Amino acid sequence: PDEDSADAEPQLGDEEWTVPVSIGTPPQGFKLDLDTGSSDLWVFSTLLSKEEVNGQSLYDPNKSTTAAKMTGYTWDCHYGDGSFSSGYIYQDTVTIGGVTVAKQPVEVAKTVAPQFTQDTALDGLVGLGFWTINTAEPKKQKTFFENAAPNLEKGLFTADLKHEAPGSYNFGWIDENAHASNITYADVDSSDGYWMWTSPGYAVGDAKGINKTAIRGITDTGTTLLLLPDDVVDTYYGQVDGATWAEEWSGYVFDCNTTVPDFSFAVDNGTAKVTVPGEYLNYAENGDGTCYGGIQSDYGVGFSIFGDIAIKSAFVVFDQQNLKLGWASK
Ligand SMILES: Cc1ccc(-c2noc([C@H]3C[C@@H](O)CN3)n2)cc1F
């Protein structure tokens with residue numbers, strides 16, 4: 001059923017992906033960043049001061065006949081990079097990829113951090129984590145997917161992000177033509193509100209076996225890079241000629257002409273694995289002849305983060321009904 005599919009446009013050199021979202025009646029159109037690492041749906045709005053807006057589309061609830069203010073409700077988000085946004089809440093009709101939720105809590109921004117003002121590629125976020133980390137007060141609100149799932153064929157959504165090319169998110173069904181290998185599932189621990197799971201190990205380059213070490217982390221479409229434990233990161237860069245940790249870049253860098261090896265992480269008991277091509281792991285030029293690695297340390301986060309660099313290397317199934325995370329090659 002192709003109607004439940006949203007094209008995901010890569011922005012800023014695969015830094016983030018946005019999808020077209022309609023809110024209100026008549027529909028107001030936005031480009032929102034689907035983020036499995038948070039659980040608030042928020043959008044730039046007419047409540048913002050003009051200094052905080054830089055070309056983004058603004059949701060105006062007063063122009064929507066289906067908008068209803070949730071009196072007394074507020075929200076306040078803080079993201080991993082220190083950015084923030086906050087405001088008030090309306091219920092309105094939201095459509096993403098052909099899936100419509102009436103009375104979806106739409107968090108309208110009254111304040112956004114400079115990072116959002118500067119990010120002209122997006123008009124807000126759609127959190128696809130679990131409601132337990134939604135920031136609405138006095139009562140947490142369900143995500144778009146949690147509200148949509150009961151009316152979908154399957155209580156799951158899939159992410160098929162691609163390197164420097166449009167990808168897609170599907171809601172409620174698995175496109176068997178979108179993945180090459182069987183889908184291998186891992187158990188999800190949603191107790192912290194994230195898509196948290198544990199990979200049993202990893203391999204660098206074309207190494208046959210895997211280094212058996214548990215990598216516990218979240219699968220987060222809103223994080224660009226692949227953030228891993230220091231011992232894994234050090235082992236990886238030990239195989240990248242000339243790689244060093246650079247204070248000025250706060251991360252591992254190497255000469256841009258360096259050939260960087262693939263990185264594979266195991267799924268389930270290690271029978272299946274996802275291979276991130278070395279090409280994706282030379283993430284960005286620093287401008288001084290060095291390049292910034294796509295693998296960096298998860299120090300201080302408390303868990304690893306399988307961000308877009310890992311997600312775009314696979315076809316990923318976020319199965320909320322069975323609390324499973326599926327990975328397949330494509
Ligand atoms: C300007 C800007 C800043 C942050 C983010 C952002 N979105 O998702 C996330 C990650 C980290 C964690 O917070 C949840 N998922 N970060 C997006 C932005 F456009």
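Mentor: The dialogue below takes up the disulfide, the aromatic pairs, a sheet and a helix.

Mentor: This is a predicted model, in which local features need pLDDT of at least 70 and side-chain atom pairs count only at pLDDT 80 or more, while totals for chains, interfaces and linings use all residues. Residues are numbered from 1 along each chain as its sequence is written, and side-chain values use heavy atoms, with hydrogens and water left out.

Trainee: How many disulfides does a search of the whole structure find?

Mentor: A disulfide is a pair of cysteine sulfur atoms within 2.5 Å. The search finds one: cysteine 256 and cysteine 291, with sulfur atoms 2.1 Å apart. The torsion about their S-S bond is about 100°, so the disulfide is right-handed. It links distant parts of the chain, 35 residues apart: cysteine 256 lies in the loop between strand E16 (251-255) and strand E17 (263-267), and cysteine 291 in strand E20 (residues 290-293). Helices (H or I, at least four residues) and strands (E, at least two) are DSSP runs, numbered from the N terminus.

Trainee: Is cysteine 291 buried or exposed?

Mentor: Buried means under 20% relative accessible area, exposed over 50%, and partly exposed in between, with a 1.4 Å probe and protein chains only. Cysteine 291 has a relative accessible area of 2% and is therefore buried, whereas cysteine 256, at 23%, counts as partly exposed. Cysteine 77 is buried, at 3%.

Trainee: How many aromatic pairs are counted?

Mentor: Rings of Phe, Tyr and Trp (its six-membered ring) pair if their centres lie within 6.5 Å; planes under 30 degrees apart count as stacked, over 60 as edge-to-face and the rest as tilted. The count comes to 25 aromatic pairs. In one of them, tryptophan 42 and tryptophan 75 have ring centres 5.7 Å apart and planes at 25°, so the pair is stacked. Tryptophan 42 belongs to strand E4 (residues 41-43) and tryptophan 75 to strand E5 (residues 68-78), 33 residues apart. Tryptophan 42 is buried at 0% relative accessible area, and tryptophan 75 is buried at 2%.

Trainee: Why is the pair of phenylalanine 265 and phenylalanine 306 classed as tilted?

Mentor: Their planes stand at 55°, with the centres 5.0 Å apart, so the pair is tilted. Phenylalanine 265 lies in strand E17 and phenylalanine 306 in strand E22 (residues 304-306), so the pair ties together parts 41 residues apart in sequence. Phenylalanine 265 is buried, at 0% relative accessibility, and phenylalanine 306 is likewise buried at 0%. One aromatic cluster is formed by Phe130, Phe144, Phe145, Phe157, Phe171, Trp195 and Phe318.

Trainee: What is the order of strands in the open sheet of four strands?

Mentor: Two strands pair if DSSP finds at least two bridges between them. The order is E15-E16-E20-E19, with antiparallel pairing. Strand E15 (244-246) and strand E19 (282-285) are the edges, each pairing on one side only. Three bridges join E15 to E16, and alanine 246 stands opposite glycine 251 in E16.

Trainee: Why do the buried residues of helix H3 line one face?

Mentor: An α-helix has 3.6 residues a turn, so residues three or four places apart point the same way. In helix H3 (residues 230-237) the buried residues are Val232, Val233, Tyr236 and Tyr237. Seen down the axis of H3, they fall within an arc of 125° (the arc of the directions from the helix axis to the C-beta atoms), so they line one face of the helix.
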